[in-house]
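Good morning. I will go through a few places in one chain. Please have the sequence and the structure open.

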Amino acid sequence: MWLAAALSIVVVRALAWPIIPSDFWWQLAYGRWIVENGTIPVVDHFSYLRSGQPYFDQPWLAQVLMFWIYRVGGAALSLVALATLLFATYALLLRLLVRTSGSVRFSAALVILSLPVAMTNWSVRSQMFALPLFALYLVVLESWRTGREGERSGHRLWVLPVAMVAWVNLHGSFVLGGILIALYFLGELGERRLARSRRSAADPGAGGRRGGERPLGQLLLWGGLAALAVFLNPAGPGVFRYVIGLVGNPAIQGIVEEWQAPTIGTVVGRLFFAWATLVGLAAILRRRWPDLVDICVLVAFFWLALGGERHVMWFALASLPFLARQIGAIFPAEAGAPVRQGRRALNLTFLGLMAFAVVLVLPPIKPHLSLPPEVRPLVSPDTPVASVAFLQSEPRRPGRLFHTEATGSYLMWAAPEQGVFVDAR
């Protein structure tokens with residue numbers, strides 16, 4: 001029941017909000033262009049200000065997938081795809097948290113608490129494909145870290161380079177996968193050296209690797225292959241120029257809201273600092289310093305989140321294993337204790353209500369409900385469908401339009417012949 005509650009909230013939130021126009025439509029337009037032309041564009045084909053100038057289309061694979069999904073099922077299937085990817089993300093995380101904390105209830109409660117922090121950045125765009133890959137990296141690295149030599153979980157490190165081949169062509173957040181590998185390696189290396197120093201101080205004859213520790217060479221090997229997998233993209237090492245240019249672009253950093261640093265004056269900022277406070281309290285209540293792996297991951301992703309609201313989601317996800325570990329230590333589950341099932345009728349009623357909520361927000365049903373106009377349709381009312389249709393009906397339309405960024409993204413999809421002034425790129 002607890003697992004169903006957490007995952008139902010994820011699905012309901014994903015399906016309940018309409019598709020916002022900024023990133024969705026221009027990425028569909030690129031997916032259509034790639035499918036129709038059989039190649040990935042290297043110059044701008046959509047604006048009139050930068051037409052013909054070099055343009056690097058990093059998330060080309062996500063754009064093709066989004067276009068195929070939209071061509072088959074329109075906005076409805078696009079929302080279902082978002083819900084499916086988020087379901088997979090949190091199902092992976094829940095499995096990891098249950099194994100870490102030993103408690104289904106605490107794990108589900110942690111996920112539910114984290115959702116308001118993360119869901120502010122959920123939308124149908126290329127980033128949605130990166131979320132389950134980030135969760136998969138956490139699961140594989142935690143499995144390697146907490147497992148013992150000889151267990152099958154240690155052999156799952158091969159997933160890292162395989163997933164990276166897809167990730168580097170889906171979204172620019174692929175660098176977070178490499179950062180996770182580096183943080184786990186450096187943290188584990190430091191933790192083992194500290195442990196050896198303590199053992200040597202207590203017993204000068206002690207040394208070497210403890211019997212249960214996995215060799216760090218495993219992670220070094222598969223992490224190195226994951227680093228090489230990054231080059232399996234159309235631009236090869238040029239993909240790093242794209243990431244550096246994006247992060248260092250003064251217009252993006254100074255104007256785009258989701259790239260602004262979180263502050264206590266915004267909803268995202270308040271949620272972020274509240275979550276960071278919870279992480280700090282979890283470290284204090286256990287009265288024991290986290291190990292170096294946890295410290296490396298928490299500090300790195302906290303620093304990343306301080307740089308922009310769009311990164312707050314990654315901090316919330318990356319801190320979940322640490323919180324589960326802390327809660328598992330503070331409230332240890334009793335081995336062999338019977339599981340309290342609760343009242344069967346009440347549980348079934350609750351499950352039925354959750355299933356009913358999911359059904360209500362399904363795309364064929366939600367538009368017919370008496371909901372506020374800003375959430376009732378599948379596509380946000382801000383999408384300029386009517387105005388672009390009117391423009392196309394004009395026999396003498398202007399050659400150069402001045403318009404908003406969101407309008408430009410929709411124009412790229414609905415009227416690619418027009419040429420745009422500005423868009424979400």
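In which helix does Ser387 lie? Ser387 lies in H16, residues 385-393. Helices here are DSSP runs of H or I with at least four residues, numbered from the N terminus.

A word on the source. This is a predicted model, where local features need pLDDT of at least 70, side-chain atom pairs count only at pLDDT 80 or more, and totals for chains, interfaces and linings use all residues. Residues are numbered from 1 along each chain as its sequence is written, and side-chain values use heavy atoms, with hydrogens and water left out.

Back to Ser387. The Ser387 side chain reaches the backbone oxygen of Pro384 at 3.2 Å.

Next, Gln418, in the segment after helix H17 (405-414). Gln418 has 7% relative accessibility, so it counts as buried. Leaving aside neighbours within four places in sequence, its contacts (heavy atoms within 4.5 Å) include Leu391, Pro398 and Leu411. Ser47 is 371 residues away along the chain, yet the C-alpha atoms of Gln418 and Ser47 are separated by 8.4 Å.

Last, helix H4, residues 104-118, with 15 residues. Among its buried residues are Leu110, Val111 and Leu115. The buried residues of H4 fall within an arc of 160 degrees seen down the axis, so they line one face of the helix; the arc is that of the directions from the helix axis to the C-beta atoms.

Definitions and conventions. Helices (H or I, at least four residues) and strands (E, at least two) are DSSP runs, numbered from the N terminus. A polar contact is a pair of N or O atoms within 3.5 Å; within protein, one must be able to donate a hydrogen and the other to accept it, and residues adjacent in sequence count only if both atoms are side-chain atoms. Buried means under 20% relative accessible area, exposed over 50%, partly exposed in between (1.4 Å probe, protein chains only). The expected span of a helix is 1.5 Å times one less than its number of residues.
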